[in-house]
Amino acid sequence: MKKMMMFTLVVTLLSCSMAHTVSSAPKKISVIFKKELKTQAGAEAKMIDGRVYIPANILRGARFSVEYKNSTLHLVNSYFLYTRNLMEMHVFNHVFTTRFNKMDQEVVHILGNVLLEEPVDFSKLHAFIAEAESNAGIRPENFTPVLDYNSFDFGSARRSVEAYKKASRELIAYVDTGDIERLKSFYEERKQALEYYDSYTNVYDLIFKASFTSAVR
């Protein structure tokens, strides 16, 4: 009977010892950022004094660029960069297209007055052109390159305004002189401006889709 009691006590003590060993062993800490981030041996997340510490390079799996330079750790999330692209592009496109359309509508209004032999006022057209010129591009520092695209790829927007500016000069010259050749030049320059505008809208769609894809993948 005593032997049986001693055996039972030993087994119980061993069980307690093993349970303590298992509970105190370090557990793998999963790091989730949309998905579980992979870690390398020796570079796992660790619990120290009740706080979880993770190596900075783990964040590369969350699409952060990680750079340590001059005693400074730089972390930049590419999601933020491409999301900023979308916001900058949306604002730019809304402002630019609105002002470009105002230019074109004013030209149609002017041509109507010319045909009806009514007084012509170019002041609004000049104002619309100036407004479009001041908002015909995205500053490079506000745009993150995506695929093979950079902010200068929106250059067709500025070229469309420059062509429309030339067209307006030819239209003014026609109104002043009645020279039919200046009217022909106006239509040629306006046609060029509209072609640049179409080129801009096509490129805008491509870059917007590329930025959106890079932001959500």
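Which residues line the largest pocket? Bear in mind that you're looking at a predicted model. Now select Glu88, Val91, Phe92, Val95, Ser134, Asn135, Ala136, Gly137, Ile138, Arg139, Asn142 and Arg158, and you have the lining of the largest pocket on screen. About 180 Å³ of space lies in there.

Ser134 is in the loop that runs between α3 (123-133) and α4 (155-177). Is Ser134 buried or exposed? Its relative accessibility is 53%, and over 50% counts as exposed, so Ser134 is exposed.

From Ser134, draw a distance to Arg158, C-alpha to C-alpha: you'll get 9.3 Å, though the two are 24 residues apart in sequence.

Last stop: select α4 together with helix α5, residues 180-216. How do α4 and α5 run relative to each other? They pack at an angle of about 165 degrees, with their axes 8 Å apart. Angles over 145 degrees count as roughly antiparallel, so that is what α4 and α5 are. Look at how they cross, too: α4 passes α5 in a left-handed crossing. Colour the contact of α4 with α5 by class and you'll find 14 nonpolar, six polar and six charged residues.

How values were computed: Residues are numbered from 1 along each chain as its sequence is written. This is a predicted model: local features need pLDDT of at least 70, side-chain atom pairs count only at pLDDT 80 or more; totals for chains, interfaces and linings use all residues. Side-chain values use heavy atoms; hydrogens and water are left out. Helices (H or I, at least four residues) and strands (E, at least two) are DSSP runs, numbered from the N terminus. Buried means under 20% relative accessible area, exposed over 50%, partly exposed in between (1.4 Å probe, protein chains only). On a 1 Å grid over the protein atoms alone, a cavity is a set of points where a 1.4 Å probe fits but cannot get out, and a pocket is an open set with protein on both sides within 12 Å along at least five of seven lines; lining residues have an atom within 4 Å of a point. Grid points are joined across faces, edges and corners, and a volume is the space filled by probe spheres set on the points. Axes are lines fitted to C-alpha atoms, for helices over the stretch in contact, and angles run from 0 to 180 degrees between N-to-C directions. Angles under 35 degrees count as roughly parallel, over 145 as roughly antiparallel, 65 to 115 as roughly perpendicular and the rest as oblique. A crossing is left-handed if the near helix is turned anticlockwise from the far one by less than a right angle, and right-handed if clockwise. Ala, Val, Leu, Ile, Met, Phe, Trp, Tyr, Cys and Pro count as nonpolar, Asp, Glu, Lys and Arg as charged, and the others, Gly among them, as polar.
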